[in-house]
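Biologist: Some of the words used for this structure are new to me. Could we go through them one at a time?

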Amino acid sequence: MGAHRLISLTRRVPDLDLTREFYRQFGLQETAPGTFATELGGDQLHLLPGDVPEVVEVHIGVDSPDDLDAIAERLARYGVTRAAGSIAAVEPVSGVRVRLSVAERLPKQTPYTAPTSVKRDELVRRGDLLPLRLGHLAIGCTDVEEAKVFFIDGIGMRLSDYVIGGPFMRFETDHHNVVLLPAPMTLLHHTAWKVRDIDEIGYGGSRMIENHPERHAWGLGRHGASANYFWYLKDPAGAFAEYYYSEMDDLAPDPLFWDPVPGTGELPVAVWASPALHERPLVPEAMRAPLLDAER
Ligand SMILES: [Fe+2]
């Protein structure tokens, strides 16, 4: 019981029309201007116009009104506001507003088993690609340890791992749902959208860069910390959008069965990827120096 999933993310972006076009082509369904839905999660991305890119709100689902009361108590020192059916507080390091409300849990997908043989016709996708849900988001901020307290002690998330100096935190059995990364200012590093299998990652990624080679950031690859396959694309507002498929959304809910090793940097960001790791394709210019420092 408690917080169990991301409901949605609200962002401000400077070039709204270009960013909307990007996410339409990414496969999200635009249900109203600037509002984008996944297959399972409903409306999960809200884009608003702004002079500069900004993370406005992270909306998180909980199981019951009792959960809202318990979390409101734990977040009391941050100043909680209440509205009908929801509570909200601002994480002070990043300035990001986190809202919580009661929401249905999403169904677990049955584990994918790669077919040992495929008919040629089945390899050619003819339909559109609609991601299943928003799986995680990574936010850069100036003090990840301080910001972590809000999510762990306040929201009740669990720590899964540290990778490149950032805590990877989860609600339930997903390896990570919220990631904090060291950065010189608050920024959205990436959002990650779950698809059905590795073919959909390849299909989606290659289709996105077909007439837009500048969108290609990193992929295809496989992460070390969570074992998911990935392909990252650059959106027009300076964040990355990740297609991912994971066979490892299955950590034990009890934190005693998982033992993260803070700060060791032992887990590779990727076990393999194109382009190679040393090219650092996922580090925005503004984050490059702090991330390199964190790894030393
Ligand atoms: Fe990711």
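Biologist: Why is His190 called buried?

Modeller: This is a predicted model, and in it His190 has a relative accessible area of 7%. Buried means under 20%, so His190 with its 7% counts as buried.

Biologist: What makes Glu242 buried?

Modeller: The relative accessibility of Glu242 is 0%. That value is under 20%, therefore Glu242 is called buried.

Biologist: What makes His136, His190 and Glu242 donors of the iron ion?

Modeller: The donor atoms are NE2 of His136, NE2 of His190 and OE of Glu242, at 2.0 to 2.2 Å from the iron ion. A donor is an N, O or S atom within 2.8 Å of the metal, so these atoms qualify. Along the chain, the donors follow the spacing H-x53-H-x51-E. His190 lies in strand β13 (residues 187-194) and Glu242 in strand β16 (residues 240-245), 52 residues apart, and the pair links distant parts of the chain.

Biologist: How do you know that strands β2 and β3 pair?

Modeller: Strand β2 (residues 29-32) is joined to β3 by 3 bridges. Pairing needs at least two bridges, so β2 and β3 pair, and they run antiparallel. In one of these strands, β3, Thr35 is the bridge partner of Ala32. The hairpin of β2 and β3 has 2 residues between the strands, and Gly34 there takes a positive phi near 85 degrees.

Definitions and conventions
Residues are numbered from 1 along each chain as its sequence is written. This is a predicted model: local features need pLDDT of at least 70, side-chain atom pairs count only at pLDDT 80 or more; totals for chains, interfaces and linings use all residues. Side-chain values use heavy atoms; hydrogens and water are left out. Helices (H or I, at least four residues) and strands (E, at least two) are DSSP runs, numbered from the N terminus. Donors are N, O and S atoms within 2.8 Å of the metal (3.2 Å for Na, K and Ca); water is not among the atoms, so sites may look incomplete. Buried means under 20% relative accessible area, exposed over 50%, partly exposed in between (1.4 Å probe, protein chains only).
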